[in-house]
Amino acid sequence: MGIFDQVPGFDALPPGWGASGASEPAQGGGQIPPLRASGGRVATSDFSVRELLVVEQAGFRALGLCLGNSIWKVQANTQFRNTSYELTDLTGAMYGAREKAVEIMREEAEQLGADGIVGTRLEISQLADSGMLEFRAFGTAIVHAEGHSGYRRPDGRPFTSDLSGQDFALALRSGRRPLDLVLGCCVQHIPRRSLMTTLKQAMQCVELDLFTQAYYTAREHAMERMSAHAAEVGANEIIGTTLREESHVWGDHIVEFLAIGTAMYDTGKPDPNFRIDPTFTLTLDD
């Protein structure tokens, strides 16, 4: 008995539909097998239908949803200083945890024979212990349908990127190649105001100079480190840069500043033969 035979009312299908629920008649009463990737593995992805079709139109196919994770205890050892300074141990830990998660994700893509990963997402969640964080990396591994391996990194490993399927296809059309998901971070201690200063400024609209400088400096460090990461992999531009600020498990006066984007190599040679056929879509939403 197939799994669909257990669904109430499933026998009330239109004539010509097989027991598998596919839109083709089942031959000899058998079920139509699912589409599988190489090696007999079912192809999975987090693509929307639009992304899947655009990626296929660009000459690629999805191999599988890859993931990696790393669990770290990130304890803040602050000093009793009323100034702004970087917590270098925490910065290193946040780097190391993300790199481990991304590397595991990349190794999964290598096992599938992928050319790269698109749609990468980096997530952090707090576990039961208040000082423990789980770092996760998700993305869809893709491979060129005709076996062209020139889309991988110069070292032959799959590229990583947070580009959507549509953005990936458009980047290829413009002559750009994704190399790596690059990031820079800085965990900064934000100084507290003294009691006297707080009382003086209670009824005033004034700039908090220490806070301004602390936030500015930390963002600059994150951006510079992201740019240095891109230079290491041979990129000449970064697209889709986003800036995030979170305190995670440390409280209000310790903030991580994260800059993240996709390092690209612009070949300067747009593909004249590559095109994406437009599709007219009429939404029924208000």
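1. Helix α5, covering residues 209-232, contains His229. The model is a predicted one, and the points below should be read with that in mind.

2. His229 has a relative accessible area of 22%.

3. Leaving aside residues up to four places away in sequence, the contacts of His229 are Leu181, Val182 and Leu183. For Leu181 the separation from His229 along the chain is 48 residues, while the C-alpha to C-alpha distance is 9.2 Å.

4. Four strands form an open sheet in the order β2-β6-β8-β7, and the pairing is antiparallel. The edge positions are taken by β2 (85-86) and β7 (237-246). Each of these has a single partner strand, so one side of each has no neighbour in the sheet.

5. Helix α5 packs on this sheet and touches β2, β6, β7 and β8. The direction of α5 makes an angle of about 150° with that of β6.

6. Within the sheet, β6 (residues 176-189) and β8 (residues 254-266) are joined by 13 bridges in the antiparallel sense.

7. Helix α2 spans residues 88-112, 25 residues in total. From its first C-alpha to its last α2 reaches 36 Å, close to the 36 Å expected at 1.5 Å a residue. After α2 comes Gly113, with a positive phi near 80°.

Note on methods
Residues are numbered from 1 along each chain as its sequence is written. This is a predicted model: local features need pLDDT of at least 70, side-chain atom pairs count only at pLDDT 80 or more; totals for chains, interfaces and linings use all residues. Side-chain values use heavy atoms; hydrogens and water are left out. Helices (H or I, at least four residues) and strands (E, at least two) are DSSP runs, numbered from the N terminus. The expected span of a helix is 1.5 Å times one less than its number of residues. Buried means under 20% relative accessible area, exposed over 50%, partly exposed in between (1.4 Å probe, protein chains only). Contact means heavy atoms within 4.5 Å. Two strands pair if DSSP finds at least two bridges between them. Axes are lines fitted to C-alpha atoms, for helices over the stretch in contact, and angles run from 0 to 180 degrees between N-to-C directions.
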